[in-house]
Every structure is written in C-alpha cells, then in structure tokens.
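Look at the sequence and the model before reading on.

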Amino acid sequence: MKIAVVGAGAAGLVAASVLKMKNADFTLYERSARAGKKLLATGNGRCNITNLCIDKSRYHGDNDFSEYALSRFGYFELKTFFESIGVPLKAEGDKVYPYSLQASSVLDMLRFAEGMCEICDTEITKITPKKNGFVLKAGDKDVFFDKVILCCGGKAAPNLSGGGAYDLLTDLGHKLTALKPAIVQLKCDGTKALDGVKIDAAIKMEKRCEEGEVLFTSYGLSGPPILQLSRDAKGKTVSLDLTPELSYTEIVNMLSEKRKLTYLTLENLFTGFLNKKLGREILKRCDCLPMGREIKTLTDKEIKSLASVIKGMEFLITDTNGFANAQVTAGGISCRDFNRETMESKLHPGIFAAGEMLDVDGDCGGFNLQWAFSSAYLAALSAIGENI
Ligand SMILES: Cc1cc2nc3c(=O)[nH]c(=O)nc-3n(C[C@H](O)[C@H](O)[C@H](O)COP(=O)(O)OP(=O)(O)OC[C@H]3O[C@@H](n4cnc5c(N)ncnc54)[C@H](O)[C@@H]3O)c2cc1C
C-alpha cells in the first residue's frame, strides 16, 4: 500500500515519522524548498510544542471534533513520542518546550525520524479519485497512491507555509468554513501617540479576561493577552485596566494626594506612576488639558474620571493585522465530513486530513502544535489500519 503525505509542516512531519516507524511505504511532498519552515518560527524560535493544560475549552471552531484526537494523543503521549525520537521536553509555567529551547532541534529530529525523505519544491495541485485509490498531480507528474494524508496548513503566515491548499478538498466536495486570522495583533484608533509603550494590564473583552504585557503600536495593540483575544475581537471594544493591582479608590486617593504638590503641572501628574505617553493620553481622554495647567486645579470630578480611564481604557477594534501576521487560521475544511476517530474523509474514504487545514484552532500557548501533532498521529495510524 502506497501512502502520500502532502505538506512537510508540523502535522506532515509527524504523520511521516509514524509511517516510517511502522515501515509503511510513503512519499512526503512539500511545496516549499524545505520542510518545516513554519515550525522553525514557532515560539520565537523556541517552539512552544504543547501545553500542560490541553483541554477542549482551549480550542475553537469544531472543538467537539478535536476532542477525540487530543484525548488519545494528548500531552503525555506527545511527550513520550518526542522523547522516543530524542527530543526531551520541559515546561515553563504551563507552556512546554523542547529542552534545548530550539525549534530547529524539533525539526531536525522529526526529519531524522521520517528518514529525511521529503520531496521538496513539489506542489500537489489536484487529487483525482480512482477505483482503488487516488492520482495526485505532483508537480508535472501524475502519481497513484492508495491513501492520501493531507497536512497542508492554513492561510496564516503565508510566507512560511504558502497560504493553504483548501481547493484540494473543496474540489472533491468538502466544505470550507469562513476563514479569519487568529493569534494576531489588533488594529484600532487612538494608539499612534502611544507607539512603543509597554504595560502589564488586565484586559476585558465582553466576558473574556486576559492579563499580561500589552504593547501599543502605531496601528493598534499587540502582546500576548491581545493575541489571545484576537480571534473574535473585530468590531468589539477591549478595555484595558492599566493598574490591575490598584483599585479605583486607591488611584483616586493617590491622585488627590498628589494635588498637594502645588508646584507640579499636569505634565508630571503621572510621573513615577505611568508611562508619560500614556499619562498624556489619559489626560486627553478626560479633557483635562493643557499640560501646563497646575495639578492643584484638578477637580474631584476630574480625578474620578482619570481613575476611571486608568481602570478601563477602551479601544474599539476595527480589524486584525491580517493573515500575513497571524499565527493561525480560524476556520478551515469543515470537520463534519471527517470521522473524528480516524481523521478520514466520509466523502472519499482513503483521504485523511490533519492540522491547521481543518476547522480547529487553539489558543496561544502550544495548543496549535498539539492539535497538528495529535491529528496527524491519529491520521497516520488510521491510514495503515491501526488505532490508538
Ligand atoms: C510565527 C508563528 C509562531 C507560532 N508559534 C507557535 C507556537 O509556539 N506553538 C504553537 O502551538 N503554535 C504556533 N504557531 C502555529 C503553528 O505553527 C501551526 O498551527 C502549525 O504549524 C500547523 O501545522 P500544519 O502542519 O497543519 O501546517 P504547516 O506547519 O503550515 O505546514 C503545512 C505545510 O504544507 C505545505 N503545503 C501546503 N500545501 C501544499 C501542497 N498543495 N503541496 C505540497 N505541500 C503543501 C506547506 O508549504 C507547509 O510546509 C505559530 C505560527 C506562526 C506563524
């Protein structure tokens, strides 16, 4: 039996490694000049390979579908698998990395495990179902395979993975759900003057809360908590608590006390407390300017309004920073037409799919690589008639 694995990214490399371990006859195709380009960029080059808290609630899209693969090949199975190919792991908080903290070592060891047999610079452009298998258009050749495992990734970061190959499946009758960028910076008005400012903040967007370092940019907001909320942020208001450890009342009291420093102007109201650029923006939002005004002239009402903005600086999110800057694609090939216990197409048995290509995306923190690995592991075993 001949099996084609299409795409030598995170999912494809794991699928190929499993097939190699099982002595299956397989061919691994990669459109780019080399395998695993995106894997190399993960976790800022450190590869946040998984998370200690793999749980359905951290997944979106069709997270009911993803549950089976993630429960059968979860954190412990993934750890055992990587240890078996020479990559010990270590945790930093909940996030798990290769012990080396080098994404390149993960790629190297996966390539050794699959036998470094990937055929690069070869795009699969069409799949034609035949009586007992499939003919793949591989570059300018037609090649027959009994089974096909599609691991073509999504639309995010197209410079690292080519931007998806959904039409391989939609041409065969599979449905594509709406696609949008996720784990991505957010665009909004009112941040130009704050460009470069970083602050530890608590962020609220509707019922969701995140905490961590927020970075203001000329176009909007970035930083881990912003990326985490980005999936559903377009058109919504995010509210930043700039001093999560201080209450509203504590701030009101502190600013009221500062009024006693009669020699200060508004220019220095926040000096020693908040970044100067942020201070100016807060004063502007509360109509307290000009900056040369004496602090002692601030009214109680103005101080309360300043404290309110510090505890809830609001931004209306107009857009995301697009697929070019996103880490993952929300949406994908509908999982409805796949069997969640085998990753096999219900429309074309013999075709399997795994990873970002499907309508499953995870939060920031190792969840997306875990999904790519879990689904690929399951798909590879199913393709050779085994199960976990
Ligand atoms: C900058 C960045 C940092 C990230 N960091 C993390 C992190 O630390 N932790 C985490 O969990 N997730 C991270 N992610 C997300 C994670 O990298 C992806 O979710 C994961 O790589 C998806 O794996 P995949 O195999 O499905 O797709 P990919 O890794 O994108 O691989 C798909 C492969 O298929 C090839 N291909 C596509 N179509 C064809 C075709 N028709 N023929 C042949 N080959 C084809 C592509 O060239 C590509 O090599 C990050 C993403 C980015 C962009």
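## Strands and pairing

Strands here are runs of at least two residues that DSSP labels E, numbered from the N terminus. Two of them count as paired if DSSP finds at least two bridges between them. The model is a predicted one.

Strand 6 covers residues 95-98 and runs antiparallel to strand 5, with four bridges joining the two.

## Around the ligand

Which residues come nearest to the ligand? They are Gly7, Gly9, Gly43, Gly153 and Gly355, out of 39 residues around the ligand. Two or more residues of this shell come from each of helix 1 (10-21), helix 2 (37-41), helix 6 (158-161) and helix 12 (367-383). Helix 12 gives the largest share, four residues.

Sorted by class, the shell has 20 nonpolar, 14 polar and five charged residues.

## The whole chain

The protein chain contains 12 helices and 22 strands. Its C-alpha trace spans about 85 × 40 × 35 Å along the principal axes.

Of the chain's 388 residues, 45% count as buried. Among contacts between residues at least 6 apart in sequence, 74% join residues at least 24 apart.

Key: Residues numbered from 1 in each chain as written. Predicted model: local features only at pLDDT ≥ 70, side-chain atom pairs only at ≥ 80, totals over all residues. Near = placed C-beta within 6 Å. Nonpolar A, V, L, I, M, F, W, Y, C, P; charged D, E, K, R; others polar. Buried ≥ 20, exposed ≤ 12 C-beta atoms within 10 Å, placed from the backbone. Contact = placed C-beta atoms within 7 Å.
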